[in-house]
Amino acid sequence: LEGVVMELADCALPLLAGVLPTASPEEAFKDVAAAFLVGAMPRREGMERKDLLSANVRIFKEQGQALDKVARKDVKILVVGNPANTNAFICSKYAPSIPKENFSAMTRLDQNRAQSQLAAKLGVPVQDVKNVIIWGNHSSTQFPDASNAIVKIGSLEKSVPAAINDDEYLKSSFVSTVQKRGAAVIAARKMSSALSAAKAASDHMRDWFQGSGDRWVSMGVVSDGSYGTPRDVVYSFPV
């Protein structure tokens with residue numbers, strides 16, 4: 001942790017008031033207004049999914065209990081560590097005094113990936129594409145949805161499906177590319193996404209605190225039964 005503290009100092013970040021390096025969740029979460037939960041047990045060779053789940057229950061039970069005890073009750077909690085949806089669900093269960101709507105799982109990286117793919121296909125800057133939706137789980141079962149997406153071409157806005165005019169691409173190649181992008185990054189760099197994940201976490205929290213104007217954003221949130229989803233599961237919706 002000392003190396004991380006040194007690097008943060010060396011960035012000379014104007015908004016960084018201080019750093020508390022600690023291995024204690026209660027120290028880390030004391031009176032926080034925002035919590036980024038990035039640590040989770042990675043799956044290693046020979047591990048079954050049940051082993052991964054067992055390890056993450058311990059991690060997110062401890063973090064949930066600490067948040068419940070010492071964090072502000074209006075704290076905004078973003079779970080990045082995978083499986084993010086499941087980990088957010090576990091964490092919320094162990095922090096009953098914090099409203100369920102204050103817990104979220106990150107699907108913003110998937111949204112950013114989808115937006116980038118559409119922008120490249122259309123030959124426009126990425127900021128000129130908006131309202132792409134990620135439904136479901138942060139995994140290869142997610143559904144990237146461009147049906148309501150909008151693109152700005154010149155001074156005009158058009159629907160992305162009309163601008164691309166290729167339903168087969170939007171239903172197949174586009175969907176599978178976004179679903180498998182994480183695996184493709186690992187294959188290319190032998191490590192999982194880092195910078196893009198950090199950027200997505202920053203985007204997620206910025207929009208949660210400040211709003212996103214007329215741009216839709218996707219977050220994994222505790223379901224209230226909308227769109228026919230089971231209540232209380234953590235599912236990605238446009239919010």
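This is a predicted model: local features need pLDDT of at least 70, side-chain atom pairs count only at pLDDT 80 or more; totals for chains, interfaces and linings use all residues.
View A. Leaving aside neighbours within four places in sequence, Asn85 is in contact with Ala105, Gly136, Asn137, His138, Val234, Tyr235 and Ser236. Asn85 itself belongs to helix α4, which covers residues 84-93. With a relative accessible area of 4%, Asn85 is buried, because this value falls under the 20% limit.

**View B. Helix α5 and the residue that follows it.** Helix α5 comprises 15 residues, 108-122. The distance from its first C-alpha to its last is 21 Å, close to the 21 Å expected at 1.5 Å a residue. The helix is mostly covered, with 12 of its 15 residues buried. The buried positions of α5 include the run Arg108, Leu109, Asp110, Gln111, Asn112, Arg113, Ala114 and Gln115. Gln117, Leu118, Ala119 and Leu122 of α5 are likewise buried. After α5 comes Gly123, which has a positive phi, near 70°.

**View C. Pro42 in the loop between β1 and α3.** The loop that holds Pro42 lies between strand β1 (34-37) and helix α3 (49-70). Asn56 is 14 residues away from Pro42 along the chain, and the C-alpha atoms of Pro42 and Asn56 are separated by 9.2 Å.

Terms used:
Residues are numbered from 1 along each chain as its sequence is written. Side-chain values use heavy atoms; hydrogens and water are left out. Helices (H or I, at least four residues) and strands (E, at least two) are DSSP runs, numbered from the N terminus. Buried means under 20% relative accessible area, exposed over 50%, partly exposed in between (1.4 Å probe, protein chains only). Contact means heavy atoms within 4.5 Å. The expected span of a helix is 1.5 Å times one less than its number of residues.
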